[in-house]
Amino acid sequence: QFVYKIKKPVHYSFLDFSTLTLRKHFCQREIELNKRLTDKVYIDVQPVNEWQGSYKIGGNEGTIIDYVVRMHKLDREKQMDILLLNNKVTGDHIQQLAEKIASFHKRADTILKKDFLDIQEKFNDLETEKEFLGRQLGKKSSDCINYAIEASDAFIAKNKELLEDRLRAGFFRDCHGDLHSRNIFLLPAPVPFDCIEFNDDFRQIDVLNEVAFLCMDLDAFGRPDLSALFIEDYNVFFPVMKTREDRSLFIYYKSYRANIRAKVNSLRAKSAAAVEEKKKALLAADKYLTLMESYMRSPEMIENIKPAN
């Protein structure tokens, strides 16, 4: 009936769950932020107590050693990534989802101060995985990364004013931050959940960047038709892509999102304990690298920047 989420006591440059106080804070923050998009999914924060040699969730007995987020359990078969694999996501699903996300973005807090150029540094961080991926996947992956980074640098150099104008126009909002099919249920009404609570910067982004993640994900599932339908309907409900330059930026954001997924899977391959796990992560990394490059070599992007070679 319930799901309990516990946060690992870790500390990275972008995330700090190292103390009991911080974990309680971010459990509360997770509920607060996700209630913007969900209804009767997130319930409350419960203490984890150590008492008489055992552990108990909830209550006042014993010593509090951690905290959990308590949620209602949803049917995993209705998770959007599972439905995509089974070819059960319809145009109606996509239209409902587009309307829900557009409505959410319209209500979301506007961000007026933001280092909008930091995306270039985040994009270029894929360079750190080039040597490993080159050894594992061959020279084509290194060439792909080189081209994408050069193209990204050229795009940002040419479009700084566009990004600044979008910040000034109010298109940077306090979004979900991690909007992809694994974080959406279709019940059949769409229920996006599990937004980023641990780092405001990751969540406070251009709305076009947010929806580009979902559209890239749909492309990666081999459903460019659903991807195109989503952005078309979303843009009707919330017109955020009005010019050719905006369209190029949307494609750039899709390339950036594929870039991040390639990096994540490269890191997974590095840390994989089993051969099959490593192979699976490398296949995914290769898929996302190919997708990233396809966006960067698209006619809209070539038109917007000078080709890198």
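## Cysteines

Cys144 is buried, at a relative accessible area of 3%. Cys27 is likewise counted as buried, with 0% relative accessibility. This is a predicted model, and the number of disulfides in it comes to 0.

A disulfide is a covalent bond that joins the sulfur atoms of two cysteines. For Cys27, the closest cysteine sulfur belongs to Cys195 and lies 13 Å away, which is too far for a bond; the cut-off for a disulfide is 2.5 Å.

## Nonpolar cores

In soluble globular proteins, nonpolar side chains tend to be buried together. Here the largest nonpolar core holds 74 residues. The members that touch the most others are Met80, Leu208, Phe230, Tyr234, Tyr252 and Tyr253. Helix 6, spanning residues 139–168, gives the most to this core, contributing 11 residues.

## Tyr253 and Phe172

Apart from residues up to four places away in sequence, Tyr253 touches Ile119, Leu163, Phe172, Asp206, Leu208, Asn209 and Ala212.

Phe172 belongs to strand 7, which covers residues 172–174, and is buried, with a relative accessible area of 4%. When neighbours within four places in sequence are set aside, the contacts of Phe172 include Asp109, Thr110, Ile111, Lys114 and Phe116. Leu163, Arg166, Leu167, Ile205, Asp206 and Tyr253 are also in contact with Phe172. Trp51, by contrast, is 121 residues from Phe172 in sequence, and their C-alpha atoms are 47 Å apart in space.

Notes:
Residues numbered from 1 in each chain as written. Predicted model: local features only at pLDDT ≥ 70, side-chain atom pairs only at ≥ 80, totals over all residues. Heavy atoms only, no water. Core = buried A, V, L, I, M, F, W, Y, C linked by side-chain atoms within 4.5 Å. Buried < 20%, exposed > 50% of the residue type's maximum accessible area, 1.4 Å probe, protein only. Helix = DSSP H or I, 4+ residues; strand = E, 2+ residues; numbered from the N terminus. Contact = heavy atoms within 4.5 Å.
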